[in-house]
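Welcome! Take a moment to look over the chain below, and then we will walk through it topic by topic.

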Amino acid sequence: MKPLTPAEVKAKFQSQGKTFRQWAIENGYHPVDVSHVVTGRNSATRGKGHEIAVKLGLKIPQDAA
């Protein structure tokens with residue numbers, strides 16, 4: 001399983017007609033945190049940022065590696 005690029009994640013959301021804000025709220029995250037992960041402002045190496053990146057498909061979960 002290959003991680004998605006931020007551009008691929010954005011395209012996926014656009015094709016589904018969903019915003020990052022909607023996804024964030026549905027998944028219990030603050031929209032700014034999600035935005036920071038997608039744009040790269042949060043390196044998502046651990047904690048909440050990493051959790052968001054894994055759920056979005058930007059990173060592969062440790063147990064799947």
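A nonpolar core is a set of buried Ala, Val, Leu, Ile, Met, Phe, Trp, Tyr and Cys residues joined through side-chain atoms within 4.5 Å. Here, buried means under 20% relative accessible area, exposed means over 50%, and partly exposed lies in between (1.4 Å probe, protein chains only). What you see is a predicted model, in which local features need pLDDT of at least 70 and side-chain atom pairs count only at pLDDT 80 or more, while totals for chains, interfaces and linings use all residues. Residues are numbered from 1 along each chain as its sequence is written, and side-chain values use heavy atoms, leaving out hydrogens and water.

**Overall fold**

- The protein chain has four helices and zero strands, where helices (H or I, at least four residues) and strands (E, at least two) are DSSP runs numbered from the N terminus.
- The radius of gyration is 11 Å, close to the 11 Å that the globule rule gives for 65 residues, so the protein chain is as compact as a globular protein of that length. This radius is taken over C-alpha atoms, and the globule rule is 2.2 Å times the number of residues to the power 0.38.
- Along its principal axes, the C-alpha trace spans about 30 × 20 × 20 Å.

**The core**

- Buried residues make up 25% of the 65 residues in the protein chain.
- The largest nonpolar core holds 13 residues, and Trp23, Tyr29, Val34, Val37, Ile52, Leu56 and Leu58 touch the most other members.
- At least two residues of this core come from each of α1 (6-16), α2 (20-26), α3 (31-39) and α4 (47-56).
- Which residues does isoleucine 52 touch, not counting residues up to four places away in sequence? They are Trp23, Tyr29, Asp33, Val34 and Val37, with contact meaning heavy atoms within 4.5 Å.
- Of the contacts with a separation of 6 or more, 35% are between residues 24 or more positions apart.

- Alanine 44 sits in the loop between α3 and α4.
- Although alanine 44 is not a glycine, it has a positive phi of about 55°.
- Is alanine 44 buried or exposed? Alanine 44 is buried, with a relative accessible area of 3%.
- Histidine 50 lies in helix α4 and counts as buried at 18% relative accessibility.
- Leaving aside residues up to four places away in sequence, histidine 50 touches Ala44, Thr45 and Lys59.
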